[in-house]
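Colleague: I have not seen this structure before. Can you take me through a few spots in it?

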Amino acid sequence: MIKRRQNVFAINWMEVEALVNARHDNPHHILGMHECLDDVYINVFIPDAKVVKIIDVKGGKEYALVSDRVKGFYSVKIKDRGQFDYKIKVKYEDGREEIFVDPYIFEPVIDPIDISLFNEGMHYEIYNKMGAHPMTVDGVKGTLFALWAPNAERVSVVGNFNNWDGRRYQMRKLDYSGIFELFIPGEFEGEIYKYEVASKKGNVFMKADPYGFSSEVRPANASIVTDLKYKWGDEKFMTERSKAKLLEKPMNVYEVHLGSWKRPIDGREFYNYREMAEKLADYMLKMGYTHVELMPVMEHPFDPSWGYQVTGYYAPTSRYGSPEDFMYFVDYMHRKGLGVIIDWVPAHFPKDEHGLGRFDGTALYEHEDPRKGEHPHWGTYIFNYGRNEVRNFLVANALYWADKYHVDGIRMDAVASMLYLDYGRGNGEWIPNKFGGNENLEAIEFIKELNTKMKELFPDVLMIAEESTAWPMMTHSIEEGGLGFDFKWNMGWMNDFLNYMKQDPLYRKYHHNELTFSMVYAYSERFVLVLSHDEVVHEKASMIEKMPGGYEDKFSNLRTAYGYMMTHPGRKLLFMGQEFAQMKEWNESTELDWSLFEFDAHRYLHEYVKDLNKLYDSEPALYELDNDPEGFSWINANDANHSILSFERRGKSAKDTLLVVLNFTPVTAKNYKLAVPTGGRWKEIFSSDSSKYGGDGRNNKTAKIAKEGKVDGRDNFINVTIPGLSMSVFKKQEKK
């Protein structure tokens, strides 16, 4: 039998009035079954009911309820009865009939330990409690609805199941928590729902579920009751993935926006996650990538935001399918040996009415003061990282994607905007911290907590920071005083390098330091070299259009640029479309311009990137000591007049050493003396000027025997041809 309250009971008509006016924050106090000495009261509030009865589940006896004072409030006093199990039988004014278990007979599901942990900001599986969860309580199947809205006067669950009437299913506010919950018996999986919130100022508004697992397809924005169920097949991948091993393995990331990589030709707007997984995995394997990085897949209402203005942090966007479909996507990638990194946006959230903003009528998830609570340039709210429950919401969310969706990495967006209180602000537009500085101390502690818990609970999930300033020790351990990330995007290298590549080769010698400066700080952090979506939008031009010169020179420049990126220390990330030199800037509203494969130059470049990826994967010198100064040394970094660079890349074994030489002018250097670390035969194993990549085929086709002689501080050299606008890689040939 369901446990019920035992107390002396009398109807409080002020409470009934609160129910009728949808202003009650503890409807269980009056609704349901209440024991009164030797009798029981059963009270029901159904505004559009015509006849209400209860049925004794055990004996089948029916009792009619009476509404003689307030419309919709029905009550019956049953004499000489103790508590018993019953169902409500309703005939509505429109003629419908329904039988259901009373939602107001259940004790709270969320227990005091859950409440305490959440209020302290330490409930790292709070997503298993908050939101909508199909479950069985006291033998009754139903769904638990729960959310945090401490300043609301009343919250109701609304949906098609109650005609979106906020007077029905008013929720109980749990003591000392700010949490509202209601267990509603019945089958709700797949039902859309929202929370109707009444503020203490008298405003009433609809909110999607902050912890909702699924959402309607935009522009509709109701949450969907979803039970996360999926049979995973990636045990081998999950067992073998290792962050420690990855630090000595190649990591070559393909950044993708799922909605615009490819689109169906059958009239549908998007491919499903399942279809996309199979197409994308096959393509990535052929190209030699190791990880896909997805631009945000969390639910968002506005396509041109690319997912960076999130309204559903716990819901994969329904544009491409269901949560189970996205689980399949990750599972399929894993079964093909590919890692999945997702973009995550804890820096800000949009002001959409159904979202987190002013959630309970107050600045709940954000700061009240716009100097701390709003991004002036983005028109969004900033999370209040100092509020325990908000911090818990975010930390648990990152853990949730690792837990429920098996993601292999989280790339945290816009970290700089979180770290600095004056980010994007002028004088008088920001509030200093307690020490008078511009550091956001609360955000720093949030980041440290997140990285600590991720390392503890999911030690093989990568944490990657997109941070555009020189904030120190981003990828150092928290014990050392760092922030605990595993990698940081190298925005400094990207800016310097692209500025250099845009220059006419005639003037590049005046910008030579922009090529070499990155090695001054290359080992201060663990870096990912990125040529991301941000570099090919907003009139910045595509990668190929950034390159100077005529048509052929543009491709020669781009091959050289990619060659430098792939041989420079740091993990790699390239945005989709740039691997075949898409001419137009990226546009999220249409698929990539795959028609360019009709042209030789684009096919050649595509083949070049594929072979470059394979070179990176097959040569330990390009990744094995990526984070160790022993893995790199300049041969000549100072030949600015000729815009030629040369350097060594080394692995753990001396036999893996590579020599890399790049020429950033169109002038071929013949009989160039390239210093080598040892004597012997050195063979060119890769050249961007190969004719199969669209080059002129001026590469070194025979092995070079080292000669004795001082060149660039070394005792041996080889004479090589360095074609104009090219990258070449040499490796010592072992004796037969």
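**A few local features**

Modeller: The side chain of Asn719 makes a polar contact with the side chain of Lys707, at 3.0 Å. Bear in mind that this is a predicted model.

Colleague: Where is the place of Asn719?

Modeller: Asn719 sits in strand S35, residues 714–722.

Colleague: And what lies 3.5 Å from a polar atom of its side chain, I mean that of Asn719?

Modeller: The backbone oxygen of Asn671. Leaving out residues up to four places away in sequence, Asn719 touches Asn671, Tyr672, Lys673, Lys704 and Lys707.

Colleague: Changing topic, what should helix H16 span?

Modeller: Helix H16 has 19 residues (600–618), so at 1.5 Å a residue it should span 27 Å; its end C-alpha atoms are 27 Å apart, which agrees.

Colleague: What do the buried residues of H16 pack against?

Modeller: Their partners are strands S16, S27, S32 and S36 and helices H6 and H15. The buried residues of H16 include Leu605, Tyr608, Asp611 and Tyr616.

Colleague: What is the phi of Arg358?

Modeller: Positive, about 45 degrees, although Arg358 is not a glycine. Arg358 is in the loop between strand S20 and helix H8.

Key:
Residues are numbered from 1 along each chain as its sequence is written. This is a predicted model: local features need pLDDT of at least 70, side-chain atom pairs count only at pLDDT 80 or more; totals for chains, interfaces and linings use all residues. Side-chain values use heavy atoms; hydrogens and water are left out. Helices (H or I, at least four residues) and strands (E, at least two) are DSSP runs, numbered from the N terminus. A polar contact is a pair of N or O atoms within 3.5 Å; within protein, one must be able to donate a hydrogen and the other to accept it, and residues adjacent in sequence count only if both atoms are side-chain atoms. Contact means heavy atoms within 4.5 Å. The expected span of a helix is 1.5 Å times one less than its number of residues. Buried means under 20% relative accessible area, exposed over 50%, partly exposed in between (1.4 Å probe, protein chains only).
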